[in-house]
Amino acid sequence: MTSSDLFDLSGRIAVVTGAGSGIGRATATLLASAGAAVLCADIDEEPVKETAKIVESGGGTALARRVDVAERAEVTEMIEAASREWGRIDIACNIAGIMHQSMVVDTEEVDLDRVMAVNLKGVFFGCQEAARRMIEQRSGSIVNMVSSAIDAPAPGIVCYAMAKAAVTQLTKTLAVETGKFGVRVNAVAPGFVITGMTSRHFRLDDGSMDADRREAVVSAMAKMAPLRRVGEPDDIAGAVLYLVSDAAGFVTGQTIRVNGGVSMP
Ligand SMILES: NC(=O)c1ccc[n+]([C@@H]2O[C@H](COP(=O)([O-])OP(=O)(O)OC[C@H]3O[C@@H](n4cnc5c(N)ncnc54)[C@H](O)[C@@H]3O)[C@@H](O)[C@H]2O)c1
């Protein structure tokens, strides 16, 4: 087998949530460039349509769909839509996520519930629906997006870190349950990557970016990494491509840390 055969996704069907921005968009476009047809899903309709356009303008195949992953029925319908359109589902990337910042003692129940609904239950629903199809098919690969927060506790992100830790365990459990059916389940734990989520650190009230603040945040984050830089969405998409490809055919239940070396558990 050649290296291009190993990473070739021609004829495979992928569903990517959170595809309207950042890591999800980079993943959808990279999987499409490797040959997969991609159903791009996001709660924000216009950005996800834009992702599908980017894929198509690169010669790939994509559909855009508005989906709130916290709504079970919408996730079920998303997976059904991919099956209806293309007949099967080979790859499911559960990437949609939100951040909420508060210290444990200040956290409101409503905020805890929303983060769990999107970052944990949304991924659970995505795993469930995809795994049911993949078990029937006797093949498939699921990748869940977690975070460095599973290893390194940081103040103020408790809801997010708890949800990501739970998804890491979900990933292992599902891998154990589905391995005998030829289904692989893995996770990617990114370090600091500049996206819509992390730009909150330097976004001003009017939505514009504070360039000096951005430089300060990025250089502080870069200093913490042995590789002395922060991540780009493509760094994370590359790890997803590896995990869903035949190159990772013997890999399941793993969490790959793509973080410039910030944590090495
Ligand atoms: N950026 C980082 O530094 C970083 C680090 C570790 C993990 N992550 C994880 O990577 C994933 C992608 O984040 P990102 O950094 O690209 O952020 P982002 O904000 O750029 O993208 C997140 C996307 O998810 C979508 N989304 C939010 N709620 C949704 C819902 N209920 N249903 C469907 N879509 C929804 C958003 O509209 C957005 O397009 C997240 O799971 C995040 O936790 C990011």
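In this predicted model, Ser141 of strand 5 is the bridge partner of Ile91. This contact belongs to the pairing of strand 4 (residues 91–94) with strand 5, which runs in the parallel sense over 4 bridges. Strand 5 also pairs with strand 6 (residues 183–190), again in the parallel sense, over 6 bridges. In that pairing, Met145 stands opposite Val188 of strand 6.

| Strands | Sense | Bridges | Residue pair |
|---|---|---|---|
| Strand 4 and strand 5 | parallel | 4 bridges | Ile91 and Ser141 |

Strand 4, helix 5 (residues 109–137) and strand 5 form a right-handed β-α-β unit. From strand 5 the chain passes through helix 6 (residues 158–178) to strand 6, and this β-α-β crossover is right-handed as well.

Strand 5 itself covers residues 140–145 and is mostly covered, with 6 of its 6 residues buried. In a regular strand, side chains alternate between the two faces of the sheet. Here Gly140, Ile142 and Asn144 point one way, whereas Ser141, Val143 and Met145 point the other way, and all are buried.

Gly140 and Ser141, together with Arg12, Val244 and Asp246, lie nearest the centre of the second largest pocket, which 13 residues line. The space in this pocket is about 150 Å³. Its lining comprises 2 nonpolar, 6 polar and 5 charged residues.

Methods: Residues are numbered from 1 along each chain as its sequence is written. This is a predicted model: local features need pLDDT of at least 70, side-chain atom pairs count only at pLDDT 80 or more; totals for chains, interfaces and linings use all residues. Side-chain values use heavy atoms; hydrogens and water are left out. Buried means under 20% relative accessible area, exposed over 50%, partly exposed in between (1.4 Å probe, protein chains only). Helices (H or I, at least four residues) and strands (E, at least two) are DSSP runs, numbered from the N terminus. Two strands pair if DSSP finds at least two bridges between them. A crossover is right-handed if, with the strands pointing away from the viewer, the path from the first strand over the helix to the second runs clockwise. On a 1 Å grid over the protein atoms alone, a cavity is a set of points where a 1.4 Å probe fits but cannot get out, and a pocket is an open set with protein on both sides within 12 Å along at least five of seven lines; lining residues have an atom within 4 Å of a point. Grid points are joined across faces, edges and corners, and a volume is the space filled by probe spheres set on the points. Ala, Val, Leu, Ile, Met, Phe, Trp, Tyr, Cys and Pro count as nonpolar, Asp, Glu, Lys and Arg as charged, and the others, Gly among them, as polar.
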